[in-house]
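Thank you for making the time this morning.

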Amino acid sequence: MAADDVLAVPEFFETPEQIRSEIKVSQLTSARAAKRVQLTIAESLNYKRLHPHLRGSALAKVDTQLHARLAAPWTCLIVVLIAIPFGAPSGRRNVFVGVAASIFIGFAYFVLQRFGMALGTGGYVPALLAAWLPNLLFGGVGVWLTLRVR
């Protein structure tokens, strides 16, 4: 990069890193943020580092995105915990009941996850609770059902 390629504008105090971060988060509308995770962990932490006095809905959006990204890998363990009791042989129920129940539970988990994202993004519940509630609730139910299997 030659010295002629740089344009110095002393009126701007923002760094290119801050500008990129601001563009990424400003494109994140509440509706898009509530549907799925849009920011990486690094982007969320970087935005919080660059904006230490962040408050209100912007903080709720960024925090919910961060905690949802951290909670997402645990979904695999939760699915296994729920699947173990339904996969255990039982002479008391029909195979169709197990399949139908597991489809219903998967759908309920998905709905609760999206509902939590919407509540957290809107600032109605803390971001930590919004992102982790489906995992905690269904994980607890999965452990309880697994302990009941004989």
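A word on where the values come from. This is a predicted model, in which local features need pLDDT of at least 70 and side-chain atom pairs count only at pLDDT 80 or more, while totals for chains, interfaces and linings use all residues. Residues are numbered from 1 along each chain as its sequence is written, and side-chain values use heavy atoms, with hydrogens and water left out.

Let me begin with the overall build. The protein chain has 7 helices and 0 strands, where helices (H or I, at least four residues) and strands (E, at least two) are DSSP runs numbered from the N terminus. Read along the sequence, that gives the pattern α-α-α-α-α-α-α. Of the 150 residues in the protein chain, 29% are buried; buried here means under 20% relative accessible area, exposed means over 50%, and partly exposed is in between, with a 1.4 Å probe and protein chains only. If we take the contacts with a separation of 6 or more, 75% of them are between residues 24 or more positions apart, a contact being heavy atoms within 4.5 Å.

Now to the interior. In soluble globular proteins, nonpolar side chains tend to be buried together. The largest nonpolar core in this model has 6 residues, namely V25, L28, L39, Y47, L54 and V62; by a nonpolar core I mean a set of buried Ala, Val, Leu, Ile, Met, Phe, Trp, Tyr and Cys residues joined through side-chain atoms within 4.5 Å. A second, separate core has 5 residues, and among them are I78, I82, Y109 and F138. Returning to L39, and leaving aside its neighbours within four places in sequence, we find this residue in contact with K24, V25, L28, S44, Q65 and R69.

Apart from residues up to four places away in sequence, S44 touches L39, V62, Q65 and L66.

That brings us to helix 4, residues 56-71, which has 16 residues and reaches 22 Å from its first C-alpha to its last, close to the 22 Å expected at 1.5 Å a residue, the expected span being 1.5 Å times one less than the number of residues. Several of its residues are buried, including A60, V62, Q65 and A71. L66, which has its place in helix 4, counts as buried at 8% relative accessibility. Its contacts, with neighbours within four places in sequence left aside, are I41, S44 and L45, and the C-alpha atoms of L66 and L45 are separated by 7.7 Å although the two are 21 residues apart along the chain.

H67 also lies in helix 4 and counts as buried, at 18% relative accessibility. What does H67 touch, not counting residues up to four places away in sequence? The partners are A127, L128, A131 and W132.

How many salt bridges does the structure hold? There is 1, a salt bridge being a side-chain nitrogen of Lys or Arg within 4 Å of a carboxyl oxygen of Asp or Glu. K48 forms it with D63, and the closest N and O atoms are 2.6 Å apart. Because K48 lies in helix 3 (residues 41-50) and D63 in helix 4, the pair ties together parts that are 15 residues apart in sequence. K48 counts as partly exposed at 30% relative accessibility, whereas D63 counts as buried at 16%.

One further pairing comes from helix 5 (residues 75-87), where P85 lies. P85 is buried, with a relative accessible area of 9%, and its C-alpha atom is separated by 5.9 Å from that of L145, 60 residues apart along the chain.

The accessible surface of the protein chain comes to about 10,200 Å², of which 69% belongs to carbon and sulfur atoms; accessible areas come from the Shrake-Rupley method with a 1.4 Å probe, and for residues only the protein chains shown count as cover. V141, found in helix 7 (residues 127-148), is partly exposed, with a relative accessible area of 34%.
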